[in-house]
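Open the complex in your viewer and keep the selection panel at hand.

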Amino acid sequence: MNRLLPFFGFLLLVALLGFGIWWNTQHDQREVPSPLINKPAPAFVLPTLDDADKTVSKVSMLGKPYLINVFASWCIACGEEHPVLMSEAPQLGVPLIGYNYKDAPDDAKAWLEKHGNPYSVIITDREGRTAIDFGVYGAPESFLVDGKGVIRYKRIGILTPEIIEKELKPAIAALAKEVQP
Amino acid sequence: MTSTGFRAIRVFVLSFSLLFAGVLFAQAIEPLPFKNHTEELRFQSLTRELRCLVCQNENLADSNADLARDLRREVFEQMQAGKSDAEIKQYLVDRYSDFVLYDPPVKPSTWLLWFGPLLILLAGAAVVVVTVRRRSRAGIAAAPAERSSVNEEDDW
């Protein structure tokens, strides 16, 4: 029995390795959980893409929940996400705010011209300064902000139909329930 | 070699040199106006302790990612504004979580990380102590039969 001990030790290591491999297929190692969930969204005042003289701010958005989607014309994954937003945005029940991240306005406009525009309004952050406050580290990212200006949910990476069904819609539904009473 | 072959090589060499031209450009684009050498050293040691979120095995000092450049600028400007290293780190942790720190802080959720290796070491030491004691006791008791037991080990 004692002689088999090293073999069992080996089996244990193999099991650990297998678990590690399985874990990595289930989890994105690059994903950094945001410390901003359930904390007030950072204050922002950003010009809109259509008219740089007009601004949208956190204060002007207070009162109703909304979904911010960080995108850029240079971002390849955003192009992958875009058709999903095009089809899902009208059924979300909250306005979809485009956050054009470190992009040239002309590039962004041309990109939207080509792929369609699912956003109810688009704000621009050319320098990416406000994005740092939001803890953005790569597009696409999406933030669900409630009527009090608190970030309730964040998705890092593409919003797939599955993620929207399983995570985003329940989060939005939970917000809608809170408003009722 | 065919002319298309030569062309392929030329294209390859050209794109290769362009690749490095890009690297040189990216390195040279960012000379930050430090007040003195001490400040520069402080900036370098601070950015070396911070992780780039985009290429996560690189620190802020080394990374060429766009976000790393923005964050370096942020760190630099906050240094200019008189913020301490701890304040600058806290600023980044508030936005990007402890993940930006190369040294994870010691707190309940990281106790296993910090003290786990020590636990394993202690467990190993315990096993060694127990084994040595058992063998020495067995050795004394079975001294006359020592030879045969050694042979047995060899056969296996």
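What covers the buried residues of α3(B)? The cover includes α5 (129-133) of chain A, together with α2 (37-48) and α4 of chain B. Keep in mind throughout that this is a predicted model.

**Stop 1: helix α3 of chain B**

Select residues 66-80 of chain B, which make up α3(B). The helix has 15 residues, and from its first C-alpha to its last it reaches 21 Å, close to the 21 Å expected at 1.5 Å a residue. Now colour B:L67, B:A68, B:L71, B:R72, B:V75 and B:M79, the buried residues of this helix. Turn the view to look down the axis of α3(B): the buried residues fall within an arc of 140 degrees, so they line one face of the helix. In general, an α-helix has 3.6 residues a turn, so residues three or four places apart point the same way. Just after α3(B), stop at B:G82, where phi is positive, about 90 degrees.

**Stop 2: B:R72**

Select B:R72, which is found in helix α3 of chain B. Is B:R72 buried or exposed? B:R72 counts as buried because 20 C-beta neighbours lie inside 10 Å, and 20 is the number at which a residue is called buried. Leaving out residues up to four places away in sequence, B:R72 touches B:T47 and B:L60. Draw a distance from B:R72 to B:C52 as well: these two are 20 residues apart along the chain, and their C-alpha atoms are separated by 9.9 Å.

**Stop 3: the contact between the chains**

Show both chains. The contact takes 13 residues from chain B and twelve residues from chain A. On the side of chain B that touches chain A, the elements that give two or more residues are α3 (66-80) and α4 (85-96) of chain B. α3(B) gives the most to that side, with five residues. The residues of this side of chain B divide into six nonpolar, two polar and five charged. For the complex, the predictor gives an ipTM of 0.80 and a pTM of 0.74.

**Stop 4: backbone geometry**

Most residues other than glycine have a negative phi, and most peptide bonds are trans.

- B:S97 is in the loop between α4 and α5 (111-141) of chain B. Its phi is positive, about 70 degrees, although B:S97 is not a glycine. B:S97 is partly exposed, with 16 other C-beta atoms within 10 Å.
- A:K102 lies in the loop between β4 (96-101) and α4 (105-115) of chain A. Its phi is near 45 degrees, a positive value in a residue other than glycine. A:K102 is buried, with 20 other C-beta atoms within 10 Å.
- A:P140 is in the loop between α5 and β6 (141-145) of chain A. A cis peptide bond joins A:A139 and A:P140, with omega about -5 degrees.

**Stop 5: domains and confidence**

Colour chain A by domain: the domain assignment gives domain 1 (1-30) and domain 2 (31-179). The C-alpha centres of these two domains of chain A lie 40 Å apart.

Then colour chain B by pLDDT. Chain B averages 81, and 71% of the residues score at least 70. Where in chain B is confidence lowest? The lowest is helix α6 (residues 146-155) of chain B, at a mean of 52, while α4(B) is highest, at 93. Finish at residues 24-29 of chain B, where the pLDDT is below 50. Beyond near neighbours in sequence, this stretch has one contact in the model.

Methods
Residues are numbered from 1 along each chain as its sequence is written. Chains are lettered from A and ligands numbered from 1 in the order in which they are written. This is a predicted model: local features need pLDDT of at least 70, side-chain atom pairs count only at pLDDT 80 or more; totals for chains, interfaces and linings use all residues. Two residues are in contact if their C-beta atoms, placed from the backbone, lie within 7 Å. Helices (H or I, at least four residues) and strands (E, at least two) are DSSP runs, numbered from the N terminus. Ala, Val, Leu, Ile, Met, Phe, Trp, Tyr, Cys and Pro count as nonpolar, Asp, Glu, Lys and Arg as charged, and the others, Gly among them, as polar. The expected span of a helix is 1.5 Å times one less than its number of residues. A residue is buried if 20 or more other C-beta atoms lie within 10 Å of its own, exposed if 12 or fewer, and partly exposed in between; C-beta atoms are placed from the backbone. The arc is that of the directions from the helix axis to the C-beta atoms. Domain bounds come from an automatic or database domain assignment. pLDDT is the predictor's confidence in each residue, from 0 to 100.
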